[in-house]
Amino acid sequence: MKNRLKVLRAERDWSQAVLAEKLGVSRQTVNAIETERYDPSLELALRIGRLFGQPVEVIFGENHKDGE
Amino acid sequence: MNIDTKESTATPVVLGWGVAWVGAYLGALIVLKGTGLPELLRLPVALAPAPFFLGFLIAMLRAVQRMDELHRRIQLEALAVAFPVAIVIAMLFGLAQRAGYLLNESFADNWFIVVIPYFAGVALARRRYL
């Protein structure tokens, strides 16, 4: 699934390791989500939404545009 | 839940117990295959690897509990590969024995039919996700 995780992370100048620590997952998991090889669970997606202060559907989905 | 975000801090512990277990297993196998072991000692020697296996099992379960959701999925997919493949191989072994082949082969030493598909499953899942 397409997502804006990499863009949102870059906007905050966080490394994958920093984001992983904040989310309580491994860096490999953050990388797999960013490269769209793994779709997170609803629980993790909600955690990501809370961390970035945005609804899940804004971060994940087919219709978003990078840089919005 | 205490998720391990540093990817592989549990791996050395699991590997350590795994090596100890396999070492104890091979040691027991060698001792049991050798001649001259008193009958009274054969069962204790056969059971000697059990504590190492228990240590490995506990370390593995703790490692799984500390994994995040992606690494748990990798383990699940590895088992989903290993289980049916092991069943098929075991059935083929059994049929080959009934057909008159592999007469001297013992299933007791064929634990690898689960272990090899498991590691193959881990490799496939890691290649897919990581």
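Colleague: Is Y118(B) buried or exposed?
Modeller: Happy to start there, with a predicted model in which local features need pLDDT of at least 70, side-chain atom pairs count only at pLDDT 80 or more, and totals for chains, interfaces and linings use all residues. Residues are numbered from 1 along each chain as its sequence is written, chains are lettered from A and ligands numbered from 1 in the order in which they are written, and side-chain values use heavy atoms, leaving out hydrogens and water. Buried means under 20% relative accessible area, exposed over 50%, and partly exposed in between (1.4 Å probe, protein chains only). Y118(B) has 16% relative accessibility, so Y118(B) counts as buried.

Colleague: And F119(B), is that residue buried or exposed?
Modeller: Its relative accessibility is 53%. By that value, F119(B) counts as exposed.

Colleague: What kind of ring pair do Y118(B) and F119(B) form?
Modeller: Rings of Phe, Tyr and Trp (its six-membered ring) pair if their centres lie within 6.5 Å; planes under 30 degrees apart count as stacked, over 60 as edge-to-face and the rest as tilted. Here the centres are 5.2 Å apart and the planes at 65°, so the pair is edge-to-face.

Colleague: How many aromatic pairs does the structure hold, and why is the pair of W21(B) and F53(B) tilted?
Modeller: Over all chains, there are five aromatic pairs. For W21(B) and F53(B), the centres are 5.0 Å apart and the planes stand at 55°, so this pair is tilted.

Colleague: Which residues do ring pairs link into a cluster?
Modeller: Two of the members are partly exposed: W21(B) at 27% relative accessibility and F53(B) at 34%. The cluster consists of W21(B), F53(B) and F56(B).

Colleague: How many residues of chain A are in contact with chain B?
Modeller: Contact means heavy atoms within 4.5 Å. On the chain B side, 13 residues take part, and on the chain A side the number is 14.
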